[in-house]
Amino acid sequence: MTETGPLFVSSGDLIADRRYQWALDLIARGDLAGAADLLAQAAELAPGFAAAWFTLGEVREKLSDRDGAVGAFTQARAADPQDRQGAGLQLARLGAGEPSPAMSEAYVRHLFDQYAGRYDTALTEHLRYRGPAVLLDAVQQVMRGLGHPPQFGDVLDLGCGTGLAGAAFRPFAGRLIGVDLSAAMIARADEKGIYDETHVAKIADFLSAAEHAHYDLVLAADVFVYVGDLAPIFADIAKILAPGGLLAFTVETHSGDGTKLLPTLRFAHGEIHLRQLLNAAGLAIQHLAGTSVRSEKGVPVDGLVVVALSFQET
């Protein structure tokens with residue numbers, strides 16, 4: 001899951017729409033130059049046709065026309081202020097925008113709504129996803145080190161998706177709550193009957209509204225790859241953790257410092273940077289190890305699994 005599918009919304013111009021569809025057919029046949037011509041014509045006929053501009057940006061980049069791609073993605077973002085296809089991220093990746101822009105809410109929702117029906121299969125069979133198992137093992141190691149059984153009262157699963165992590169931790173949770181931005185993903189999770197409660201919400205909004213809650217464990221399995229700036233998220237999580245509560249998460253990582261936007265349009269977080277952010281939030285790292293929770297084109301993706309303890313006073 002590294003990119004969205006075509007997000008087609010009629011331009012209102014029948015000829016422009018037809019040229020867009022013909023262009024998609026040419027792309028499928030491998031005729032990128034012909035597709036670029038048709039997409040440019042469609043965009044000229046309907047300047048507010050965001051889908052045509054975005055697809056033109058993708059095609060121009062494949063044709064090694066960086067400047068043309070930047071121009072098309074810029075037009076796509078202007079035509080769709082919600083940025084449902086992530087034109088802002090594409091501009092950042094091409095070095096023409098903010099280095100680590102926030103992903104738009106509409107982009108993330110579109111990304112996961114379209115994958116909800118095949119999400120489990122795509123992750124576990126095609127991407128060899130094992131995030132929940134990696135997280136559970138790390139949490140169990142930490143609890144053994146603390147001299148406690150791996151049992152928790154209230155558990156919060158951030159970005160719960162269809163419930164893969166929730167299913168792994170259900171036997172160890174008294175009460176399990178799932179939160180996800182995608183209503184389609186939550187619907188799939190609800191079908192499984194894993195959670196005691198589910199909420200369709202942005203993580204930041206949910207955490208702000210839950211500032212007086214006290215969770216014994218907060219999970220984020222393969223979620224923070226969609227968050228560029230983790231500082232406010234860690235600070236808000238620290239506020240809702242019970243004293244001695246745990247935050248357990250996985251991230252993709254890179255050898256440098258800070259946050260890096262990858263070609264997959266996912267964020268990678270440097271280890272030193274993560275340590276600094278967690279410490280600033282009042283969270284003490286109990287476990288941090290290199291891991292790979294998924295593969296990309298058959299190659300394991302570098303990642304980290306982290307468990308941090310809230311050391312706020314009772």
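Student: Which residues does H269 touch, leaving out those up to four places away in sequence?
Tutor: In this predicted model, H269 touches F224, V227, G228, L230, V251, E252, T253, H254, G258, T259, L274 and L304.

Student: Where does H269 lie, and is H269 buried or exposed?
Tutor: H269 lies in strand β7, residues 267-269. Its relative accessibility is 1%, so H269 counts as buried.

Student: Switching to L247. Which strand is L247 found in?
Tutor: Strand β5. L247 has 0% relative accessibility and therefore counts as buried.

Student: What does L247 touch beyond four places in sequence?
Tutor: V218, F234, I237, L241, L278, L283, V306, V307 and A308. F234 and I237 are also among the buried residues of helix α12.

Student: How far apart are L247 and L309?
Tutor: They are 62 residues apart in sequence and 6.5 Å apart in space, C-alpha to C-alpha.

Student: Back to α12. What covers its buried residues?
Tutor: The cover includes β1, α11, β4, β5, α13 and β8. The buried residues themselves are I233, F234, D236, I237, A238 and I240.

Student: New topic: α1 and α2. At what angle do their axes cross?
Tutor: Roughly 165 degrees, and the axes come within 8 Å. That angle is why α1 counts as roughly antiparallel to α2. The crossing is left-handed.

Student: Which residues meet there?
Tutor: From α1, I15, A16, R19, Y20, W22, A23, L26 and I27; from α2, L32, G34, A35, L38, L39, Q41, A42 and L45. By class, this contact has 13 nonpolar, 2 polar and 1 charged residues.

Notes. Residues numbered from 1 in each chain as written. Predicted model: local features only at pLDDT ≥ 70, side-chain atom pairs only at ≥ 80, totals over all residues. Heavy atoms only, no water. Buried < 20%, exposed > 50% of the residue type's maximum accessible area, 1.4 Å probe, protein only. Helix = DSSP H or I, 4+ residues; strand = E, 2+ residues; numbered from the N terminus. Contact = heavy atoms within 4.5 Å. Axes fitted to C-alpha atoms, helices over the stretch in contact; angles between N-to-C directions. Parallel < 35°, antiparallel > 145°, perpendicular 65-115°, else oblique. Left-handed = near helix turned anticlockwise from the far one by under 90°. Nonpolar A, V, L, I, M, F, W, Y, C, P; charged D, E, K, R; others polar.
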